[in-house]
Amino acid sequence: MSNLSGLMEGRVVLVTGAAAGVGRGVAAAFGSAGAIVGIGVRRPEAAEETAAAVAAVGGTPVILRCDVTDAAQSADAIEQLVRDFGRLDAVVHNAVSGRSSEATDFENTTLDEWEDHASVTVRATWRLAVQAYPHLQKSQGAYLLMSSPAGIEGSERAPFYSAVKAAQRGFVRALAREWGPDRIRVNSVAPLAISPALENMKILEPERVKRIEGLVPLGRLGDPETDIGPPSVFLCSDEARYVTGQTLVVSGGRFTSL
Amino acid sequence: MASSASTLVIGSSSGIGFSIAQRLRTRGDSIIELASTLDLTNAEAVGESLRSLVGSGTVDCVVLAAIDPSAFRSAPIVSLTESEWDQAAEYSMRSAFVALQQAHGVLADGGRVILILPTVAATGIAGLVPLCTAVETIRVMAKAVARRWGARSITVNTIEVELAAFMLGDNDAGDTEVPMVPVLGQPALPPASAVDDVIGLIDMLVTPAAGAITGALLVADRGTVMQP
């Protein structure tokens, strides 16, 4: 584990979509930085493993029911953190549609499929910002969106996923300017990391994973906790106090021209 | 552009889409336009309308310049209701999807899709978060379909112009309020008509010589924002 010790000591962070994958890794990284980590999940029973990972590295886990497509749930999650710990320093919006790893038949699909993606990645991005604003204004905190390289270069297989991830980058640039006077920083990370789907593929199709890894100059896919977590913590910490409106591509060099 | 070619202009009821359609029509190009009353998020209606306009034929070029006017209202995001956010940001995303999807059904192999967007997303603008969000979404949606439709030799490219030029086109009557945009640079080139600039790029993109250009972003702002 990287040495994040003390970087977010006593700070309060909400991570959405934190039950598994990148969300879990990022939550654990905030834990190792000393944060109180709100683990936002749709089903609290699915968050136990993340909570254990946060606690194991010295953080304070708080499991929160937070389906980001439900305005009341995300508002309650934020209010609970503020009520119990007196502050909110950062929101990391990582949740994606449950259909995000599915291929989209753009020419034949309907707006229902678009809505699946947009409700989680576009509308909730706006709504979480609005709900967190007074608290982030008070703490001069940070809003971090977990975007994707697909949101920069476009994906043939996943046109909706890439479009909504692009939405987050446009949002970041504009909101960074809008919230700059409040000293709230707004950034995004575009990670290339092992996901639960790729873990499964490693077992079922190891050669395919090797081919993917072969495209990465550093020779492997990113680990959510040790590769994606530290840059995410950095962007929310005081060490990044002069960084806003940026997308940091964390891909082992896989994407160099974005 | 060859006079036998037909161009579908979506978003021709106002702003730069109106001016592009007018210029192409005036010089004798074959132009197809959707009714300005059509809801661009209604896939069935858009599809039916296109089929009735195109018949059993195809179009060679699609120019898409459709951003909902509500996106041009400058307001902090915390002041927006959910329905205002939806109209200002997500409506234009949905309409871009529907327009591209339905246009694909009438587009000839080797055809050209050209999206016209304002440059706002490259830098971000306070007060215009919904617009910047929508524009970046549409930019990358265009790249994704460029990848999908390349096998049919269809190219998909984006031309960006300054916000005022996008909103007004040739209309300098002063009856449209353009949001204040911070000056992020001075144009390197002398001023000229943005519509002329865009028409020139459209003419270039429809030539066979431009058949290898797809998924590209061409910024026609006379060198104001030179992206890194």
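Hello everyone, and a quick note before we look around. The model is predicted, and local features need pLDDT of at least 70, side-chain atom pairs count only at pLDDT 80 or more, while totals for chains, interfaces and linings use all residues. Residues are numbered from 1 along each chain as its sequence is written, and chains are lettered from A and ligands numbered from 1 in the order in which they are written.

Let's start with the sheet of chain A. It is an open sheet of 7 strands in the order β3-β2-β1-β4-β5-β6-β7, with parallel pairing. Strands here are DSSP E runs of at least two residues, helices are H or I runs of at least four, and both are numbered from the N terminus. Two strands pair if DSSP finds at least two bridges between them. At the edges sit β3 (60-65) and β7 (247-250) of chain A, each pairing on one side only. From one strand to the next, the twist averages 20°. Angles run from 0 to 180 degrees between N-to-C directions, and axes are lines fitted to C-alpha atoms, for helices over the stretch in contact.

Zoom in on one pair: β2 (residues 36-41) of chain A runs parallel to β3(A), joined by 6 bridges. Within that pair, Val41(A) has Arg65(A) of β3(A) as its bridge partner. Packed on the sheet is helix α4 (residues 111-139) of chain A, which touches β4 (90-93) and β5 (142-146) of chain A and makes about 170° with the direction of β4(A). By contact I mean that the C-beta atoms of two residues, placed from the backbone, lie within 7 Å.

Now for helix α2 (residues 48-56) of chain A. Which of its residues are buried? They are Thr50(A), Ala51(A), Ala53(A) and Val54(A). They are on the same side of α2(A) because they cover an arc of only 160° around the axis, the arc being that of the directions from the helix axis to the C-beta atoms. Buried means 20 or more other C-beta atoms within 10 Å of a residue's own, exposed means 12 or fewer, and partly exposed is in between, with C-beta atoms placed from the backbone. Exposed residues Glu49(A), Ala52(A) and Ala56(A) are on the face turned away from the buried side. Among the elements covering the buried residues are α1, β2 and β3 of chain A. After α2(A) comes Gly58(A), with a positive phi near 100°.

Over to chain B, which has an open sheet of 6 strands, ordered β2-β1-β3-β4-β5-β6 with parallel pairing. Its edge strands are β2 (30-33) and β6 (217-219) of chain B. Strands β3 (residues 59-64) and β4 (residues 107-118) of chain B pair in the parallel sense over 5 bridges, and Cys61(B) stands opposite Arg112(B) in β4(B). Lying across β4, β5 (155-161) and β6 of chain B is α5(B), at about 160° to β5(B).

Finally, how do the chains meet?
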